[in-house]
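Here are a few exercises to work through with the model open beside you. Try each one before reading its solution.

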Amino acid sequence: MNRLLVLISIVMLYATAAFAGETYFDNHPTMWKDPEILIWTPDAEPPIDPKEFCLSLRRNNTGIGEPKCRQFGEWERDSVAVRYANWLKLNMESRLEPEYLRARHPAMKAKLQELEDKIVLFVTSNGNKISVAIFDETATEPKSAGTLFQHGDKIALGDEIASEYFSGKTRRRLTKDERKKMQTAPDDLYQEVPKFVAWVGIGAGYSQAKIPLTPDNWYRSHIRSQVRNYRITKDSVSLWNFLDDSGPLFSVYAGGTWYGFIGLELIYRFAQHDVKTDSKDTVYKELDYWKFYQHEIGLNVLLSRTYPATKWLDITPFAFLGFQYSFFVEDIGLKDDVVKPSRAYGVRIEFEEAYKGALVGIGSQFVFKKHYGIGLRTGISSRGRNVYSDPTPDAAAEPTTIGASTIDWFISGGLEYHWTL
Amino acid sequence: MRKPFVLVMLILACALTGCGHSYHWTQSHPDYRQVPYGDLAIAGTENAFVLTRAAWFAKKLEISTDSVQLKVTSFCEQVFLDELKRAYPSFTRIPKEIHKAFPEESQKLDDRIFLKGHIPEQGVVVKDSEGKIPPRILILHEFFIGTDLKRELFFDYALIHNESADKKTSKNLSAVISYTLWDNEKQRPLFSAVDEVQKSIITPTMADMESLIRTSVQQIRKNMYAGVVR
């Protein structure tokens, strides 16, 4: 019983393989509704019947409307076309890419380009197989090609060809005027660069003190530092000695690009940093929370270039350089049961009112349908004090500035809306 | 920690400078499975040979300037055919008129390398001088003979209009050859290539010429062997 099953399945497999034939390549020629199909063969008689093939098409593709099929006598009487047909018959092999089947004769190329919206079905009997190739006006090589097994039944063969190569979605044939309009329409990829493109966006990201691909020991002392007794750290050159450096970053921005090349952008960034209090220090027992809100306002200059990747997607890589002002707003709270805070609480560290810094980085905007964008960017931002003041004799006596050199790396993504003015 | 940094810098430098262009000088058809063996036809030798720097050669070889082109090229053609005869004993020739009637076409070897020549039509079988149909034809398109020739100056479309500096000294006798191995049965190009052969000389003699041509034929044969798709 088992053996019989195996035998039956082998026969079934063989039968399906024999039925399916082989498709060498299928680059989906345009399927028109109510198409005109020209059957072209170098043989004395075509292996399929034009009328029956039309019926096969209607059986296999309900969207095909009313196809017209006929033998392509013009090409069968033309010596250049006959030579190419014979050549094609010889050269149709499974490993070949379409470009190896390209028509080389200029007259043959011209014939193919003059097809307009007709579909040429090349079909010939090649030994025990039927070779099939489909041409349309868009290429001087077959758009699809393959073989089917020959079994003498013209109707069955027509059905196989129809289901294998003509089952795609159909489109309405264009009128003469529409074709003319399409041919003279400007290419979307060559359109002019708009004078001014504006955008607004909101973004979210992440920042940390460590810049990727740089050694850990540049940051170790800042990152590991903790604050004792509300003000004591080993050094105070970076704010990351006091604050937790890594965390989410939010931004709102608006900008514009002139001539697709130079841009200006106003940006607001917000982050929240906890103070890194030393957990071993008992003075913090009174403390409920202590954190700083970081508000930053900056102005960037962008240099960019737009590449239209497809009709609906423009990719704009850019580099930016800018300056920013950073404000750290303290938010501190004691536990409810604390009546009087410690003395150290009263004289805790204070940051500068504002820090000045720079922003530098690269990014890219991906704009879909000219309006809806995704922006990705990464860069380095700094915060510090104006170092251009002349040293005074009292400089040594003055207290050091907290966070005079605070640098972090950030990466962020945003949703944007673009429009042209 | 240094290594990735160096790597990134290298990639960046490479992207900025383009890292140089490397050419493909040969092109094989996916069905080129067997090198011609014993049996070959040849076409195009009558018009392929060109001698550059003719005046200089005329002086060195002591031939009059008027006839140097004709004499040297016909000598080279004869050596070329003799050498082929040794390699392919039953080799035949395609008549000049038939080769000239092939349509002129260009073939792409590389983004920038195009060779030009007379290639038979699709669907037309070529017959040799005896009226037989040879299975494979070696079509010689161009055979430049000169001194210190560089093939990119002849075939890279970005460089062909560059004028080369007039040189007083010549280190090498050189040949630049473009050819196609044609499948006459299925009318398709099996293998196309541009070769460059250099031979160091002090003063050129006809013997040097002969050995240059012989080396060129060997080079063509080696290349046709290497080009087989395995």
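**Exercise 1: a helix pair**

Helix 3 (residues 54-61) of chain B packs against helix 4 of chain B at an angle of about 80 degrees, with the axes 10 Å apart. (Helices are DSSP runs of H or I, at least four residues, and strands are runs of E, at least two, numbered from the N terminus; axes are lines fitted to C-alpha atoms, over the stretch in contact for helices, and angles run from 0 to 180 degrees between N-to-C directions.) Before going on: this is a predicted model, where local features need pLDDT of at least 70, side-chain atom pairs count only at pLDDT 80 or more, and totals for chains, interfaces and linings use all residues. Residues are numbered from 1 along each chain as its sequence is written, with chains lettered from A and ligands numbered from 1 in the order written.

Task: work out how helix 3 and helix 4 of chain B are oriented to each other, and which residues meet.

Step 1. From helix 3 come A54(B), F57(B), A58(B) and L61(B); they meet V68(B), Q69(B) and V72(B) of helix 4 (contact: C-beta atoms, placed from the backbone, within 7 Å).

**Exercise 2: a loop residue**

Task: locate V339(A) and decide whether V339(A) is buried or exposed.

Step 1. V339(A) sits in the loop between strand 12 (313-334) and helix 9 (343-346) of chain A.

Step 2. V339(A) counts as exposed because it has 6 C-beta neighbours inside 10 Å (exposed is 12 or fewer, buried 20 or more, partly exposed in between).

Step 3. Its C-alpha atom is 9.5 Å from that of E286(A), 53 residues apart along the chain.

How values were computed: Parallel < 35°, antiparallel > 145°, perpendicular 65-115°, else oblique. Contact = placed C-beta atoms within 7 Å.
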